[in-house]
Amino acid sequence: MLQKTQIIATLILAIMAAPLCAYEGGSRLRATGGVHQVEGSAGGGIVPWAVIAGYGQKGEWSANSFATYLALDDYQFSAAGFSLGYSDRVELSYARHQLDISELAPVVLAGFGVPLPDNKVSQDAIGVKVRLVNNLIYDTWPQISAGIQYKRNTDFDVPQFVGAEDDSGTDFYLSASKLWLSGVAGYPFLLNATARLTNSNQLGLLGYGGDLNEDKEWMAEVSAGFLLSRDIVVGAEYRQKPSNLGIAEEEDWRDVFVAWFPSKNFSITAAWADLGSIATLDQQSGFYISIQGTL
Amino acid sequence: MKNLILTFALTSLLSACASTQQSQKDRLFQELGGHIGIDELVVTSIQFLHSDERIAFLFEDIDEPNLVTQLNEQLCSISGGPCQYEGLSMLDAHAGMDLSKAEFDIFVEVFIEAMRARNIPFSTQNELLALLAPMRVDIIHQ
């Protein structure tokens with residue numbers, strides 16, 4: 001329900017912003033705020049980047065809203081939320097996640113002889129990111145930011161059932177992003193590398209830590225993309241994942257995406273995501289769509 | 001006679017090399033439309049800057065003919081054209097103006113609009129921007 005409200009809020013924000021055109025979300029160049037990754041931080045689709053959400057430059061604010069939907073073979077995932085960027089320095093974000101697991105119920109019943117405690121799992125994610133040094137475009141060295149994502153699972157029955165230790169966790173990450181303007185054959189090239197310290201199982205939808213491992217580990221995440229024009233970015237991402245649950249192996253995530261920024265107030269991203277095995281169901285991949293409004 | 005032919009062949013070869021190098025060196029200048037193209041770009045940019053309310057005030061009391069000359073020289077020189085930029089350094093040219101990061105970004109945005117208006121290809125735009133980007137450090141907060 002909340003998801004629908006958020007999707008509507010995002011659309012309203014985007015539609016409001018278009019005719020008003022009073023504020024474009026700041027002075028920075030179009031597409032340089034990226035989009036919102038699943039946990040609500042500015043980045044690609046699954047990886048947070050060093051960029052600050054929106055287009056705020058020094059002294060400027062930017063407010064953003066997003067909604068994401070991913071249809072996997074056996075699950076549906078939705079995320080929605082908002083973020084505030086200030087001064088190209090600080091970013092605050094909130095996201096709500098929901099994973100529909102109703103197709104898992106018969107599998108669990110057949111395999112374990114017990115009913116699944118719930119047909120969905122949800123969680124909240126709160127993020128803070130600070131740009132430490134450099135500018136994405138104009139400096140020789142990459143823009144570097146540090147961030148925190150605090151996540152709390154609000155339907156812990158299922159995660160507990162699969163062996164998760166905690167219902168909440170905090171990820172720390174360090175991201176380095178750089179855009180080479182002349183890139184390859186005159187097409188700007190973006191590269192991002194993120195190191196994340198985490199014990200989240202499937203973003204935390206399956207809780208934090210597990211019977212195999214409780215501790216946080218460093219994971220590598222990478223995104224690369226080309227600007228085909230001022231408003232179209234195509235690229236690919238990779239996110240290494242821990243595997244803490246004995247009965248539910250977790251695999252690395254990857255995606256290929258195309259994002260369109262028709263204005264500074266709106267963007268839409270389509271992607272094909274391959275999330276591997278999720279809660280015993282293997283080879284989960286599917287179509288990802290995300291919209292974003294910026295003021 | 002043999003020596004003469006050899007000398008001639010070598011000279012031709014070398015001058016061929018030199019001329020390829022020359023055409024390589026001014027490729028971006030040619031893609032921008034040479035002197036005429038660059039002048040049109042400069043004039044369009046200044047027009048657009050004047051009509052952008054976020055940044056127009058910075059160009060109100062400016063010596064415009066001088067700005068046109070300087071920008072022409074600079075873009076010609078940086079793109080490998082047959083010019084030498086003899087104006088002030090970027091640091092000296094912006095001294096005391098205390099330009100903000102936001103003003104710089106808006107300038108780039110308007111400059112991109114001008115390049116689009118002049119139908120400069122996307123890849124050429126980016127090659128030029130990449131050459132201008134390192135100047136930012138000398139332009140802002142001076």
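Visitor: Which residue in β10(A) stands opposite A:L174?
Guide: Welcome! This is a predicted model, where local features need pLDDT of at least 70, side-chain atom pairs count only at pLDDT 80 or more, and totals for chains, interfaces and linings use all residues; side-chain values use heavy atoms, leaving out hydrogens and water. In β10(A), A:L174 stands opposite A:A195.

Visitor: How many bridges pair β9(A) with β10(A)?
Guide: Residues are numbered from 1 along each chain as its sequence is written, while chains are lettered from A and ligands numbered from 1 in the order written. Strands are DSSP runs of E with at least two residues, helices are runs of H or I with at least four, and both are numbered from the N terminus; two strands pair if DSSP finds at least two bridges between them. For β9(A) and β10(A), the sense is antiparallel and the number of bridges is 10.

Visitor: Which residue takes a positive phi in the hairpin of β9(A) and β10(A)?
Guide: Two residues lie between the strands of this hairpin. The phi in question is near 55°, and the residue that takes it is A:A185.

Visitor: Which residue of β12(A) faces A:T194?
Guide: β10(A) is joined to β12(A) by 10 bridges, running antiparallel. Within that pairing, A:T194 stands opposite A:E221.

Visitor: How many bridges join β12(A) to β13(A)?
Guide: These two strands form a hairpin with two residues between them, and A:L227 stands opposite A:V233 in β13(A). They run antiparallel, and the bridges number eight.

Visitor: What do the 12 strands of chain A close into?
Guide: Follow the order β3-β4-β5-β6-β7-β9-β10-β12-β13-β14-β15-β16, with antiparallel pairing. The 12 strands close into a barrel.

Visitor: Which helix of chain B packs on the sheet?
Guide: Look for a helix touching β9 (168-184), β10 (187-198) and β12 (217-229) of chain A, where contact means heavy atoms within 4.5 Å. The helix spans residues 122-132 of chain B and is named α7.

Visitor: Which element gives the largest share of the lining of the largest pocket?
Guide: On a 1 Å grid over the protein atoms alone, a pocket is an open set of points where a 1.4 Å probe fits, with protein on both sides within 12 Å along at least five of seven lines, and lining residues have an atom within 4 Å of a point. Here 37 residues line the largest pocket, with B:L67, B:L71, B:M90, B:H94 and B:F107 nearest its centre. Six of the lining residues come from α4(B).

Visitor: How many residues line the second largest pocket?
Guide: Closest to the centre of the second largest pocket are A:L29, A:R30, A:A31, A:T32 and A:R230. Both chains take part: β9, β10 and β14 (253-263) of chain A and α6 of chain B each supply at least two lining residues. The number of residues lining the second largest pocket is 33.

Visitor: Is the disulfide of B:C76 and B:C83 right-handed or left-handed?
Guide: The structure holds one disulfide over all chains, a disulfide being a pair of cysteine sulfur atoms within 2.5 Å. It joins B:C76 to B:C83, with an S to S distance of 1.9 Å. The torsion about the S-S bond is about 80°, so the disulfide is right-handed.

Conventions. Axes are lines fitted to C-alpha atoms, for helices over the stretch in contact, and angles run from 0 to 180 degrees between N-to-C directions.
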